[in-house]
Amino acid sequence: MLPLMLIFILLHLLLSPAIAIHDDVPMSKETKLLFLNKLQWNLNHASFPHPPQRSRTVEGTTVLEMKQTKPREADDVLKFLVSDDARVSSLQFRIRNGSNESAQEGSSMEVQIPLSSGVTLQTLNYVVAIELGGRKMTVIVDTGSDLTWVQCKPCTSCYNQQDPVFDPSASSSYRNIPCNSPTCDSLSLATGNSGVCGTDEQSCSYSLSYGDGSYSHGVLSSESINLGGTLVKNFIFGCGESNQGLFGGTSGLMGLGRTQLSLVSQTAFQFGGVFSYCLPASEFDSSGSLVLGSNSSVYRNSTPIVYTRLISDPLQGPFYYLNLTSISVGGMTLQASGFSNGRILIDSGTVITRLVPSIYRALRDEFVKQFSGFSPAPAFSILDTCFNLTGYTEVSVPTLRLQFEGEVELDVDATGVLYFVQKDASQVCLALASLLYEDETTIFGNYQQKNLRIVYDTAGNRLGFAEEACGYN
């Protein structure tokens with residue numbers, strides 16, 4: 001007779017759901033082990049002000065700490081996913097209607113700025129800390145926008161932010177941009193709206209709207225900006241006097257697009273038109289980095305950087321496009337008509353990757369086929385494929401691999417494949433969504449960009465990928 005303790009152990013192994021192992025999934029399929037506590041909401045962290053963000057300069061390279069902001073409850077998740085969907089709709093509208101691009105100046109150096117999770121600031125995007133006119137500002141990092149802006153006094157209509165609102169009257173280096181200047185004229189490319197003369201009939205007023213109803217209206221201005229110890233004088237930005245929307249408790253937004261008014265273009269003389277970031281997988285107690293400049297010695301990548309071509313489109317200059325040639329799930333290459341037009345927009349401000357319907361259906365069906373044996377859970381907002389993983393501590397998820405022009409392959413980190421809706425893991429969803437129409441543009445969102453060093457080389461017209469553990473303590 002077996003000892004009683006051994007019987008208990010055998011029963012525990014047979015009945016425990018702690019680890020997901022399914023005999024019906026062929027062992028030849030490529031999978032990655034995902035520890036669910038990496039995604040599960042941390043209930044010990046309330047929405048307290050986050051610790052000061054660190055930045056440093058290494059051999060001329062500026063590194064900004066980069067963090068993410070994340071909703072706390074399912075209702076907040078719904079609100080922000082709806083907002084994310086509105087952003088995608090806005091991007092599709094801008095793509096259809098086109099825009100333009102240009103560049104500007106700024107001694108070749110590099111800057112590394114800590115990039116952080118804005119988890120305590122109630123937004124799904126990533127934030128960095130900068131100084132504007134000597135005042136600290138926490139701003140959202142956005143490659144899909146061009147104009148950098150912050151809230152300014154007098155704020156006729158503003159949302160609540162963590163840092164003090166910028167006061168132009170307290171800075172001796174602050175200047176308004178004249179309404180009859182070429183800089184004012186460049187607003188039409190950067191924002192889609194022409195600059196107009198302000199109430200004083202001399203200053204240049206800007207108007208910037210986002211697809212979710214958020215907006216910033218104010219005065220186009222110049223000021224000294226400090227990026228991790230590197231001072232950039234006469235930086236053009238929007239001094240927003242009327243701002244509303246889902247910007248959390250941030251001071252505003254950093255535009256990393258490609259027109260003349262973007263931070264990338266304005267600092268091209270300093271940083272050569274090159275920047276990169278690494279987005280942390282954990283929302284708490286870790287951060288990534290935003291690096292301005294081409295000095296790769298500050299990277300912590302574990303694989304070599306491989307580059308694919310950035311597609312140049314004079315009608316859609318502000319955006320960063322790549323050619324997506326194929327996707328595989330668990331080593332199985334998908335077949336879909338949508339790959340015939342493989343243009344994909346990579347965007348730090350979109351959260352969930354959106355695929356054209358034919359590609360999404362093929363991916364979803366193959367994923368469900370391989371990720372079998374789990375109880376289904378209801379769909380949630382834009383996420384239509386969900387599972388009940390209550391009781392599991394880890395699961396094996398099929399490897400999601402994207403291939404770009406030049407046979408450049410990118411494996412999505414395991415933490416970017418599933419999205420927790422419910423904190424008890426009773427509703428965990430496939431973290432990708434479908435676009436409405438086949439002729440829309442696929443968007444590569446930030447949730448799938450985690451634990452990667454992504455290098456934007458605008459001068460070389462290329463974009464690079466490398467694996468990198470982005471959780472810096």
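Student: Where is Asn 234 found in this model?

Tutor: Asn 234 is found in strand S12, residues 230-244. Keep in mind that the model is predicted.

Student: What is the phi of Asn 234?

Tutor: About 55°, a positive value, although Asn 234 is not a glycine. Most residues other than glycine have a negative phi.

Student: Why is Asn 234 called exposed?

Tutor: Its relative accessibility is 57%. Exposed means over 50%. So Asn 234 counts as exposed.

Student: Why does Asn 461 count as partly exposed?

Tutor: Asn 461 has 25% relative accessibility. Buried is under 20% and exposed is over 50%, with partly exposed in between. Therefore Asn 461 is partly exposed.

Student: Where is Asn 461 found, and what is its phi?

Tutor: Asn 461 lies in the loop between strand S30 (452-457) and strand S31 (462-467). Its phi is near 55°, again positive in a residue other than glycine.

Student: Which kind is the peptide bond from Lys 153 to Pro 154, cis or trans?

Tutor: That bond is cis, with omega near -5°. Most peptide bonds are trans. Pro 154 sits in the loop between strand S7 (149-151) and strand S8 (175-176).

Student: How do you know that the span of helix H7 is close to the expected one?

Tutor: H7 covers residues 357-370, which is 14 residues. The expected span is 1.5 Å times one less than the number of residues. For H7 that gives 20 Å, and the helix reaches 20 Å from its first C-alpha to its last.

Student: Which residues of H7 are buried?

Tutor: Among them are Ile 359, Leu 363, Glu 366 and Gln 370. Residues three or four places apart in an α-helix point the same way, because there are 3.6 residues a turn.

How values were computed. Residues numbered from 1 in each chain as written. Predicted model: local features only at pLDDT ≥ 70, side-chain atom pairs only at ≥ 80, totals over all residues. Heavy atoms only, no water. Helix = DSSP H or I, 4+ residues; strand = E, 2+ residues; numbered from the N terminus. Buried < 20%, exposed > 50% of the residue type's maximum accessible area, 1.4 Å probe, protein only.
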